[in-house]
2 protein chains.
Amino acid sequence: MGLIVQKFGGTSVADLERIRKVAERVIQTVRQGHQVVVILSAMAGTTDHLLKMAHQAAATPDKRELDVLLSTGEQTTASLLAIILKSMGYAAKSLMGFQAAVLTDHDFGNARILDIETKRIQHILAGGTIVVVAGFQGCDTEGNITTLGRGGSDTSAVAIAAALNADLCEIYTDVDGIYTADPRVCAKARKLSAITYDEMLNMASLGAKVLQIRSVAFAKKFSVAVHVRSSFTQEEGTMVVHEDAGMESLVVSAVTHDKNEARITLQKVPDQPGVAAKIFTPIAQQGIIVDMIIQNTREEGQTDLTFTVPQSDFQRAMQIERRIAAEIGAETVIGDENIAKISVIGVGMKNHSGVASIMFNTLSRENINITMISTSEIRISCVIDEKYAELAVRVLHTAFGLDCEKPAAGGQVR
Amino acid sequence: MGLIVQKFGGTSVADLERIRKVAERVIQTVRQGHQVVVILSAMAGTTDHLLKMAHQAAATPDKRELDVLLSTGEQTTASLLAIILKSMGYAAKSLMGFQAAVLTDHDFGNARILDIETKRIQHILAGGTIVVVAGFQGCDTEGNITTLGRGGSDTSAVAIAAALNADLCEIYTDVDGIYTADPRVCAKARKLSAITYDEMLNMASLGAKVLQIRSVAFAKKFSVAVHVRSSFTQEEGTMVVHEDAGMESLVVSAVTHDKNEARITLQKVPDQPGVAAKIFTPIAQQGIIVDMIIQNTREEGQTDLTFTVPQSDFQRAMQIERRIAAEIGAETVIGDENIAKISVIGVGMKNHSGVASIMFNTLSRENINITMISTSEIRISCVIDEKYAELAVRVLHTAFGLDCEKPAAGGQVR
């Protein structure tokens with residue numbers, strides 16, 4: 001008998017019929033002899049609906065009050081699941097963030113979990129009752145309702161699993177696991193049975209949005225075994241774990257692509273101390289996240305500076321940089337939205353040289369030009385022309401030996 | 001400068017536009033120099049929608065979980081009002097039941113307020129901030145969310161006003177005050193400038209559903225001055241207060257009618273000890289509330305027993321009584337849904353004889369037959385044929401000198 005935390009996302013609780021399916025899944029686990037803590041998201045679409053209402057109420061809704069409003073979404077699903085579980089003859093109790101004692105800081109809308117006092121949860125579990133916790137929400141030291149930011153229910157689940165020292169944290173979602181590449185782009189992609197926290201961290205930030213990145217960092221820190229799997233099938237998904245000698249010894253585990261960035265280049269920037277700060281501080285102040293940065297010295301005293309930002313912030317960033325360029329005496333600002341970032345990821349990369357050269361040679365053979373490169377310990381990313389993105393994923397998937405024998409019939413991302 | 005509690009009902013917060021109007025009303029009071037605590041209901045229709053969803057989830061939803069679900073309604077309106085107040089430049093903070101420290105017993109769905117620890121509310125008010133409390137909800141000693149039953153926001157408002165020792169509790173609703181009779185029935189009805197708690201208690205239970213009856217009892221107990229008025233006009237409404245020498249010296253303050261009862265008669269009941277208990281215990285156990293009871297001795301050893309129940313429980317009550325009649329050997333069970341209860345109410349009645357005779361004579365002159373009579377210290381109620389209800393109200397209204405000079409143009413119930 002173990003203690004299992006099961007988290008179900010918005011599409012898994014989208015209506016009463018699906019919540020009933022969640023109840024069946026939970027009961028199945030209970031009947032296997034486990035104690036279960038369930039973490040729920042709001043019904044798919046609810047958070048967006050509430051956000052829209054708040055923005056109709058005020059152009060800039062107060063953050064504290066917005067959290068009070070948004071937290072009703074998970075309150076609704078948690079109480080409904082408890083109602084259904086009880087009607088099926090199983091003892092169940094819902095707990096909101098303040099009742100589950102999920103203590104956070106005061107950063108409304110993006111709060112961080114400081115501590116979880118598990119006494120109440122453990123007391124309820126000990127009585128043979130299923131605990132249903134409203135995800136995404138917590139409570140600060142002054143008793144204010146806080147929320148953890150988009151996808152925060154993943155973090156709720158992992159943090160509660162860590163605090164309870166649970167045997168497993170299952171994340172039920174609308175995909176059936178983590179793939180070596182996006183199956184819609186690469187027919188030979190296959191589901192990974194396991195992936196390391198570090199690989200997942202690199203995946204999450206690159207557009208494979210299966211798990212909120214903060215939850216993965218949390219899982220790594222507290223060694224929470226996470227199982228990402230589908231709500232709609234009984235198939236095994238992908239385990240996210242520490243690196244292990246027994247894992248598949250692949251140099252590269254996955255190839256990802258991301259078309260949601262845009263590139264901005266400031267040409268002929270006077271090469272003076274402090275100029276980089278002048279370029280990047282104003283956009284950082286606007287909350288725009290810069291991903292890759294490259295600087296090319298052009299000639300004596302002049303340099304070109306290129307960086308990428310999310311496409312949704314592109315127009316704002318261009319406006320800011322046109323103003324900055326005039327201030328610092330740069331010649332021109334060039335923008336390009338038609339780019340894609342292709343990455344290869346793998347913990348095996350640490351012990352193998354030559355991954356970069358295989359990547360560059362493979363793209364070169366297809367006449368795909370690389371315009372930016374960035375690397376981390378277990379990842380190499382290249383920016384290329386957007387129209388080559390799918391081709392690049394397929395040829396790299398083959399080059400790094402990731403292709404499955406034949407495309408799996410059921411292995412599609414839903 | 002005073003402390004004013006303002007409660008707005010479901011129709012007053014039915015959508016964002018109306019919540020904006022509530023904000024304007026609150027700000028108007030703040031600008032007059034008052035401290036304000038606002039109590040809100042859920043948007044009109046929300047509680048019914050949530051109840052429906054819960055009953056789709058389970059035939060008999062768990063009561064604790066139902067309260068968690070229902071409380072989201074007031075959570076939504078309270079946060080939206082705080083968002084709007086802040087966007088209009090006024091400091092405001094929403095508090096849920098647990099945050100406002102509205103401590104209740106454990107009777108989910110119909111909890112009673114035990115205590116309100118006002119320290120937090122007072123601290124926020126002292127900082128010049130408007131406090132917006134989610135009505136209808138509280139929290140028991142174990143930190144469970146509870147609700148106070150239908151119309152519970154009135155009780156929230158009065159209880160918080162009492163705990164804060166507020167100068168006034170304003171109940172904003174969709175009628176503009178308490179009338180001497182229903183203006184839809186009696187064109188000469190006029191709005192009362194004041195009414196006593198006791199009169200209001202008798203009114204509330206007789207179908208003039210402006211205030212939850214429990215809130216009136218609470219207001220009386222703690223001497224909370226209550227002002228019932230319209231959200232949609234600036235007109236003065238009706239003050240509900242203790243009896244006062246300065247009040248209008250009317251013998252009868254109002255004439256009410258109620259068509260929502262039905263009558264059941266058991267004929268030729270053997271007149272034995274314990275027979276009344278056999279007749280009434282089973283329907284009490286089913287939660288059916290019996291209002292009036294009359295017993296007529298028919299002849300030696302036989303009696304007729306007549307009583308009224310809410311029309312919504314009529315069929316169930318008839319089934320039960322048919323079974324009981326067979327058991328105790330009563331001859332027949334007769335039911336009648338076409339009845340109306342007409343009442344005259346007034347604290348002045350205590351000092352005046354002859355109210356009953358005026359009532360009976362007035363009805364008799366119109367050939368209206370009285371089939372049941374019940375009285376309290378300040379009320380006389382008669383059951384008559386339903387079709388005479390409106391006529392009875394009008395002639396009694398005239399007979400007790402309640403008619404206004406000419407019908408007020410704006411004085412209609414909305």
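Let's start with one residue. B:Ala134 sits in strand β6 of chain B, residues 130-134. Helices here are DSSP runs of H or I with at least four residues, strands are runs of E with at least two, and both are numbered from the N terminus.

A word on the source. This is a predicted model, where local features need pLDDT of at least 70, side-chain atom pairs count only at pLDDT 80 or more, and totals for chains, interfaces and linings use all residues. Residues are numbered from 1 along each chain as its sequence is written, with chains lettered from A and ligands numbered from 1 in the order in which they are written.

Is B:Ala134 buried or exposed? It is buried, because 31 other C-beta atoms lie within 10 Å. The cut-off for buried is 20 or more, for exposed 12 or fewer, with partly exposed in between, and C-beta atoms are placed from the backbone. Leaving aside residues up to four places away in sequence, B:Ala134 touches B:Leu40, B:Glu74, B:Gln75, B:Ala78, B:Ser94, B:Met96 and B:Gly97. Contact means C-beta atoms, placed from the backbone, within 7 Å. B:Ser156 is 22 residues away along the chain, and its C-alpha is 8.6 Å from that of B:Ala134.

Next, two helices. In chain B, the axes of α2 (residues 46-57) and α3 (residues 63-70) come within 10 Å and cross at roughly 140°. That makes α2(B) oblique to α3(B). The axes are lines fitted to C-alpha atoms, for helices over the stretch in contact, and angles run from 0 to 180 degrees between N-to-C directions. Under 35 degrees is roughly parallel, over 145 roughly antiparallel, 65 to 115 roughly perpendicular, and the rest oblique. From α2(B), B:Thr47, B:Leu50 and B:Ala54 meet B:Leu66, B:Leu69 and B:Leu70 of α3(B).

Now the partner chain. 26 residues of chain B contact 26 residues of chain A. Which elements of chain B give two or more residues to that side? They are α2, α3 and α4 (72-87). α4(B) gives the most, with ten residues.

Last, the symmetry. A rotation of 179°, with 0.0 Å of shift along its axis, superposes chain B on chain A at RMSD 0.2 Å. The two copies are therefore related as by a two-fold rotation axis. In chain B, the C-alpha nearest the axis belongs to B:Thr72, at 2.7 Å. The same surface serves both copies, as 100% of the contact residues of chain B recur in chain A.

Definitions and conventions
Contact = placed C-beta atoms within 7 Å. Least-squares fit on C-alpha atoms with pLDDT ≥ 70 in both.
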